[in-house]
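Subject: Structure for you to look at

Hi,

Here is the structure I promised to pass on. Please open it alongside this email, and I will take you through what turned up.

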Amino acid sequence: MGLFSKDIETMDDLFVHQLQDIYYAEKQIHKSLPKMIEKATDPTLKQGLEAHRAETEGHIARLEQVFRQHGAEAKAVTCPAIDGILKEADEVAGEVADKRVLDAAIIAAAQAVEHYEITRYGTLAAWAKQLGREDCAALLQQNLDEEYAADDKLSKLAQSGINRKAA
């Protein structure tokens, strides 16, 4: 289904499609995090990525609840954007020999993922409110708040020494 395909005719259709998009993205992120965790060498970074993997399970569960509340099937549609972000992260991590630089690269890749999620959840929460679905908006806002917090933790981790060590 393309963004402007005939399958999307209403704001509700668009809302469900974007839910399916972020649902796919969260599942792909959940699958890719163990590889990032394995490659990370900084113990605090490893721990943060492990914690975020657990949070991601909560994001998936909340999305499934939003689907149920909205009366839509919880299914994923391929999201080329997240596939590209994750592919790039994997490629860059594979090219970095210096472990200190690798940790900085992992943080940058993780933040690219977070920023994608922040855009999707911000939009979805706004659309849910527009559609009169405050119940769905509240769940989406919880995911959004956690994505902002994860991004902030990654920034602080980078600034607290990982980037300096990499330089």
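Buried here means under 20% relative accessible area, exposed means over 50%, and partly exposed is in between. Please keep in mind that this is a predicted model. By that cut-off R133 is buried, because its relative accessibility is 18%. Its salt-bridge partner is D135, with the closest N and O atoms 2.7 Å apart. D135 counts as partly exposed, at 34% relative accessibility.

While we are on charges: a search of the whole structure finds eight salt bridges. One that I would look at joins E146 and R62, where the closest N and O atoms are 3.1 Å apart. This pair links distant parts of the chain, since E146 sits in helix α5 and R62 in helix α2, 84 residues apart. R62 is buried, with a relative accessible area of 17%, whereas E146 is partly exposed at 21%. There is also a network of salt bridges that links K35, K39 and D90.

Next, helix α4. This helix covers residues 99-130, which is 32 residues, and reaches 46 Å from its first C-alpha to its last, close to the 46 Å expected at 1.5 Å a residue. D98 caps its N-terminal end, with a side-chain oxygen 2.8 Å from the backbone nitrogen of R100. D98 and R100 also form a salt bridge, and there the closest N and O atoms are 3.3 Å apart. D98 is partly exposed, with a relative accessible area of 31%, and R100 is partly exposed too, at 48% relative accessibility. After α4 comes G132, which has a positive phi, near 80°.

What holds the most contacts inside the largest nonpolar core? The residues are F15, L19, L45, L49, I82 and L140, in a core of 52 residues. The elements giving two or more residues to this core are α1 (11-39), α2 (43-70), α3 (80-95), α4 and α5 (134-166). The largest share comes from α4, with 15 residues. In soluble globular proteins, nonpolar side chains tend to be buried together.

D42 is buried yet has no salt bridge, and K165, the nearest side chain of opposite charge, is 4.4 Å away. The side chain of D42 does have a polar atom 3.0 Å from the backbone nitrogen of T44. Apart from neighbours within four places in sequence, D42 is in contact with D103, L157, I162 and K165.

Q159 and A104 are 55 residues apart in sequence and 10.0 Å apart in space, C-alpha to C-alpha.

Happy to talk any of this over once you have had a look.

Best wishes

Methods. Residues numbered from 1 in each chain as written. Predicted model: local features only at pLDDT ≥ 70, side-chain atom pairs only at ≥ 80, totals over all residues. Heavy atoms only, no water. Helix = DSSP H or I, 4+ residues; strand = E, 2+ residues; numbered from the N terminus. Expected span 1.5 Å × (residues − 1). Polar contact = N/O pair within 3.5 Å; in protein donor to acceptor, adjacent residues only side chain to side chain. Core = buried A, V, L, I, M, F, W, Y, C linked by side-chain atoms within 4.5 Å. Buried < 20%, exposed > 50% of the residue type's maximum accessible area, 1.4 Å probe, protein only. Lys, Arg positive; Asp, Glu negative; His and termini not counted. Salt bridge = Lys/Arg side-chain N within 4 Å of Asp/Glu carboxyl O. Contact = heavy atoms within 4.5 Å.
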